[in-house]
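Reader: I have just opened this structure and would like to learn how to read it. Could you take me through it feature by feature?

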Amino acid sequence: MRRGVVVTAMVMSIFVGLVVAPGASAKAVACKAGTVAAKVGGHASCVARRLVAPTPTTAALGPTQFKGALDVVAGGVKLRSGRRARTLGKRVGRSWTVARGRLLKAMSATAARITQPLRRARTAAADTGCQAMDILAQGGTFNVEGQPAELGGSTTVDGVGVTLGVTASGGMHMGLKTTVNGNTYTMSFDAGESECTKLKVPACPAADGSLNAFGSKGKMGFSMTVTRGGKVLAKRGYAKTVTMDTRGQVADDAKLDTVEVHYSETTVVDLDGVHYTGYGTRLMTVDMRSGKYDPNSAESLSFGSASVAGQLANTAGIEADAKDFAAFLGKTIDEYRQRETHWQNPGTCAKAVFSPLSNTIKVHPGATGTFSGQVTASDGGTAAKVRWAVGAQQNGTFTPDSSSDRGPTFSYTVAAHPSGKTLSVALHITSTAGVADDTWSQPIEDQLTTIAGTFTGHATRAGVIYDWQGTATFTRVPSGADGAGPGGIFQLTSGQATVTISGSEVGTGCDQVGTSTISLQTNSVWTVNNAAAPFLYQIVAPFSPDPPQATNVNCDHPETNGTPAGLGSMPATALQSGDVAAGAALTGLIKTTDDLLAYDGSASIAGPESDESASWTWSFKGAA
């Protein structure tokens, strides 16, 4: 069952002299079921709903037009001038009833058969008349009762001679001829653009959600002559020109909200020399979500009359137009539904664009960052309204969970201990441009967590020589600031050095000897910078204030031998990557490495006195 339709702004006339007066309301009239409140001849009245607001149908437009045309030319009419035309049945007799049945049966059988080649070809044509035209125009065959003919054809269907071809304007021409009780009925039916030049509904909505088909025009012509023994008993014709616009609107859930239909028709009828012209314009908004159809929602319905006493002329013609419109409306709704189904496939009509693009940066465990997105429509614009919903997340967390911004920004935090090598988030995205589900992802690069190794040092001051060797481990300091690269800030978590004293302190007359173990200060820092090689690093790791233990020996005064040397604290840091005094930014401390896992180097400095100096060597390894 088709989803429902609601008419919210309605009809502006149907056929001969049926005119809507904008602003004229007839809603105060209580109308029984099946009728709609309207003004007829300036008076409040009720008009059959089937004439004013026909329910959309799934009937093929070609056969519907054909049947309607038969009913129009078979009907009678009485004009205000007093001229009138009798019904065809009264003019030619009972043969018309049999002839009508044959013609309708032949049309239906022909329509059914001409669709078969096209169905086998798996084309998208929707209507039988159009399918016939498409087959012929593309060099296909018209297959009637198994007898193909190239570029047209003729055959007999249940006593009716049938010919099929393509008109000069590119439409379909069908001729039918049959004889009943001596009366020969010769009919010509041209379903031109009305049937075969379809509304060009775009495949995708525009960025603002509009899905419009403008200015499509169609024509349909019908003529029938009834003769007997060479004498013309009746000659009737019917021609209709239709223009139609449809304007769809897609909401931010990528579903159709409404389709506004503008449908205008002009009909010229000739019934055995009695001519009249009908016209009509229908304006309606189809609610593509609701299951209701309410013709009474029209703001005004007002009708004139082509005959006396407010009676509508040629009711068959009015009903035929209503059925044509119902078939057109049904086909239009179906086409829009097909388009809607089409763009529900993610990326078909709308595409998500992220900044930064997926797989263009590297993130690291514990790092934080942001990315933004927008939806690009098939017309190149940015979708006017968008709904974003965060879905499955891998190796990280993302906020916010949803957004209705056109270009939202999402924040992420990479897991401290990811289970894989990819950070990703799935996004369900609907928009006025269609569905654009996508996944934003970036590779996770291993990040250093510890740096550990060995080091040596050497220093002199006032004649005393200090040599040491030690071990140290530095561990990453969690911080949002360290998410820009694989390095970061590392603080000492363990470290000590064994110091050996030698030499002679100036002014003591003794040599100093001793060995002791001294720890490193816990606030010692190792930093690693840059997102890619060469990586920059620097180290400053002081000793704790504990002085090294040493004893005086070989003293000029023997009584001093064996006494504590009392050297005070260490004259240099335990480990240092360069000269602190080289610049305010400590540029003298900077070392480089091409491998985050290997840190081997040396550094030295000279003190303010000529006998003061310090040097270091180190060999450390980084671990993720």
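Author: Gladly! Let us start with a term: a disulfide is a pair of cysteine sulfur atoms within 2.5 Å. Here Cys 204 and Cys 349 form such a link, with an S to S distance of 2.0 Å. Before we go on, note that this is a predicted model, where local features need pLDDT of at least 70 and side-chain atom pairs count only at pLDDT 80 or more, while totals for chains, interfaces and linings use all residues. Residues are numbered from 1 along each chain as its sequence is written, and side-chain values use heavy atoms, with hydrogens and water left out.

Reader: How many disulfides does a search of the whole structure find?

Author: The search finds two. To place them we need helices (H or I, at least four residues) and strands (E, at least two), which are DSSP runs numbered from the N terminus. Cys 204 sits in the loop between helix 6 (193–196) and strand 9 (210–228), and Cys 349 in the loop between helix 7 (315–343) and strand 14 (350–355), so the pair ties together parts that are 145 residues apart in sequence. The link of Cys 204 and Cys 349 is left-handed, with -70° about the S-S bond.

Reader: Are Cys 510 and Cys 555 buried or exposed?

Author: Buried means under 20% relative accessible area, exposed over 50%, and partly exposed in between (1.4 Å probe, protein chains only). Both Cys 510 and Cys 555 are buried. Cys 204 also counts as buried, at 16% relative accessibility, and Cys 349 is buried at 3%.

Reader: How do I read strand pairing?

Author: Two strands pair if DSSP finds at least two bridges between them. Strand 23 (residues 450–461) and strand 24 (residues 464–476) run antiparallel and are joined by twelve bridges. Phe 455 stands opposite Gly 470 in strand 24. Strands 23 and 24 form a hairpin with two residues between them, and Ala 462 in the turn has a positive phi of about 55°. On to the next pairing: strand 24 and strand 25 also run antiparallel, with 13 bridges. There, Phe 474 has Leu 492 in strand 25 as its bridge partner.

Reader: What about the aromatic rings?

Author: Rings of Phe, Tyr and Trp (its six-membered ring) pair if their centres lie within 6.5 Å; planes under 30 degrees apart count as stacked, over 60 as edge-to-face and the rest as tilted. The structure holds 18 aromatic pairs. One of them is Trp 468 with Phe 543, which is edge-to-face at 5.4 Å centre to centre and 80° between the planes. Trp 468 lies in strand 24 and Phe 543 in the loop between strand 28 (535–541) and strand 29, so this pair ties together parts that are 75 residues apart in sequence. Both Trp 468 and Phe 543 are buried.

Reader: Which residues form one aromatic cluster?

Author: Phe 354, Phe 371, Trp 388, Phe 398, Phe 410, Tyr 412 and Trp 440 do.
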